[in-house]
Amino acid sequence: QVQLVESGGGLVQAGGSLRLSCAASGRTFSSYAMGWFRQAPGKERDFVAAIIWTGASTYYADSVKGRFTISRDNAKNTVYLQMNSLKPEDTAVYYCAAGRVGGRFDYNYNYWGQGTQVTVSS
């Protein structure tokens, strides 16, 4: 069992930056792939970024490539999402997720956090 708690969301102006954190409980965190997804009002949940358990490989949605960076610190049981050059269309609730498979598809994740709101003003 893994419990995930996101933090770091907030209100930022377009062009600004935020860093989201996702703290995980459990001793097996390092064996899970981690992902970030987001859901804007009235829209489906979308993939944002993912990282394998070693941190050696990362994956990004085209919409955030070059602006967002996912990383993890297995010693701290934490995964991060550094978001730069934020745009109003990045406004959404951001969720972190853990799964044995990981990748771009939400059905490959077994555990989800409660989400953190990111609002980007124009």
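Modeller: Take the scale of exposure to begin with: buried means under 20% relative accessible area, exposed means over 50%, and partly exposed lies in between. Asp62 has a relative accessible area of 68%, so Asp62 counts as exposed. Keep in mind that this is a predicted model.

Now the charges. There are 4 salt bridges. Asp62 pairs with Lys65, with 3.2 Å between the closest N and O atoms. Lys65 is partly exposed, at 49% relative accessibility.

Arg67 and Asp90 form another salt bridge, with their closest N and O atoms 2.8 Å apart. This pair links distant parts of the chain: Arg67 sits in the loop between β6 (58-60) and β7, Asp90 in the loop between β8 and β9, and 23 residues separate them. Both partners are buried: Arg67 has a relative accessible area of 11%, and Asp90 has 1%. Arg38 joins Arg67 and Asp90 in a network of salt bridges.

Next comes Arg45. The side chain of Arg45 meets that of Asp106 in a salt bridge of 3.3 Å, N to O. Arg45 belongs to strand β5 and Asp106 to the loop between β9 and β10, so the bridge ties together parts 61 residues apart in sequence. Arg45 is partly exposed at 33%, and Asp106 is partly exposed at 28%. Arg45 also lies over the face of Trp112, 3.8 Å from the ring centre. Arg100 lies over the face of Tyr32, at 4.1 Å from the ring centre.

Trp112 is linked through ring pairs with Phe37, Phe47 and Tyr109 in a cluster. The count of aromatic pairs is 6. Phe37 and Tyr109 have ring centres 5.3 Å apart and planes at 80 degrees; planes over 60 degrees apart count as edge-to-face, so this pair is edge-to-face. Phe37 lies in strand β4 (residues 33-39) and Tyr109 in the loop between β9 (92-99) and β10 (111-112), 72 residues apart. Phe37 is buried, at 1% relative accessible area. Tyr109 is buried too, at 5%.

Phe105 and Tyr107 are arranged in another way: their centres are 5.4 Å apart and their planes at 5 degrees, so the pair is stacked. Phe105 is partly exposed, at 47% relative accessibility. Tyr107 is exposed, at 63%.

Terms used. Residues numbered from 1 in each chain as written. Predicted model: local features only at pLDDT ≥ 70, side-chain atom pairs only at ≥ 80, totals over all residues. Heavy atoms only, no water. Phe/Tyr/Trp six-rings, centres within 6.5 Å; stacked < 30°, edge-to-face > 60°. Helix = DSSP H or I, 4+ residues; strand = E, 2+ residues; numbered from the N terminus. Buried < 20%, exposed > 50% of the residue type's maximum accessible area, 1.4 Å probe, protein only. Lys NZ or Arg CZ within 6 Å of the ring centre and 35° of its normal.
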